[in-house]
Amino acid sequence: MRHVIALDVGGTGMKAALVGDDGATLHRARRATGRERGPDAVLAGILDFAAELRAHGVERYGEPAGAAGVAVPGIVDERTGTAVYAANLGWRDVPLRALLAERLGMPVALGHDVRTGGLAEGRIGAGRGADRFLFVPLGTGIAGAIGIDGRVESGAHGFAGEIGHIVVRPGGAPCPCGQRGCLERYASASAVTEAWAAACGDPDADAADCARAVASGDPNAVRVWDEAVGALADGLVTALTLLDPRTLIIGGGLAEAGHVLFRPLRDAVRQRVTFQTLPTIVPAALGDTAGCLGAGLLAHDLLTATPTTPEVST
């Protein structure tokens, strides 16, 4: 049975699957990334995990996978297949695509984790059927994936979609990127966690606790939440002014608040638009499986684009 390998590498864990031609998941597996052992050990673990997935496909389905897709965090050059920089993994300029292709003996696609997750949300998730979409996961930071006609734009240098570093509060809180007042310093899950922990006096409180307090009418929580939603709306209106998406997909941990987030966010964006056409604002549909599913789509795209077996990329 023809299938592909899909692998989503995170800072703490890896999610993997074998995916059939019809998009059905044939096999799932998870493993710790093991970053505490250092960058070389992380790389070796990825190569070993991918080889085990290949071997499982041969044993279970009588043939190796036709291609592999891999999503990794950090700065990724999809054109050269290089993991340029990943702080969480300790990587700089790792030729991951070439290393995997050599180990597996098959074509490999390498993608940025958020753009790969956005690809899945756009094709088979919340943005299905939209010719233009913007996927924005609200997690530890904020990033974005710009979807155009079934593909995701990476930009000339691999930085497309980094809306978390739009300045929404000039002169505001310092950001690790070197600017002040970046969107992710105000509207990410970690920013809400920090603000709510300070407001309620509980260092262990997090963004989910804040959302629950908002739902119960706590005025301090409402203040913290409104500030985050306002900053997020400012950043999103800048993005939609530039990109004019048909669908705006919000994911990540903060989106799990459901209507507590989406109701005020839709109102805040609506109040800020003037000439712009308001996009449909929807929650992401695929959760933490988006990266893995997107990696599978990248692998299938390789097979579609290369009907004959290509030479192993180096």
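**Exercise 1.** Where is the place of D244?

*Solution.* This is a predicted model, in which local features need pLDDT of at least 70 and side-chain atom pairs count only at pLDDT 80 or more, while totals for chains, interfaces and linings use all residues. Residues are numbered from 1 along each chain as its sequence is written, and side-chain values use heavy atoms, with hydrogens and water left out. D244 lies in the loop between α7 (219-243) and β12 (247-251), where helices (H or I, at least four residues) and strands (E, at least two) are DSSP runs numbered from the N terminus. Although D244 is a residue other than glycine, its phi is positive, near 50°.

**Exercise 2.** Is D93 buried or exposed?

*Solution.* Begin with the place of D93, which is in strand β7 (residues 91-94). D93 is not a glycine, yet it has a positive phi of about 50°. With a relative accessible area of 55%, D93 is exposed (buried is under 20%, exposed over 50%, partly exposed in between, with a 1.4 Å probe and protein chains only).

**Exercise 3.** At what angle do helix α1 and helix α2 pack?

*Solution.* Helix α1 (residues 39-61) and helix α2 (residues 96-104) pack at about 40°, their axes being 10 Å apart; axes are lines fitted to C-alpha atoms over the stretch in contact, and angles run from 0 to 180 degrees between N-to-C directions. The two helices α1 and α2 are therefore oblique to each other (under 35 degrees is roughly parallel, over 145 roughly antiparallel, 65 to 115 roughly perpendicular, and the rest oblique).
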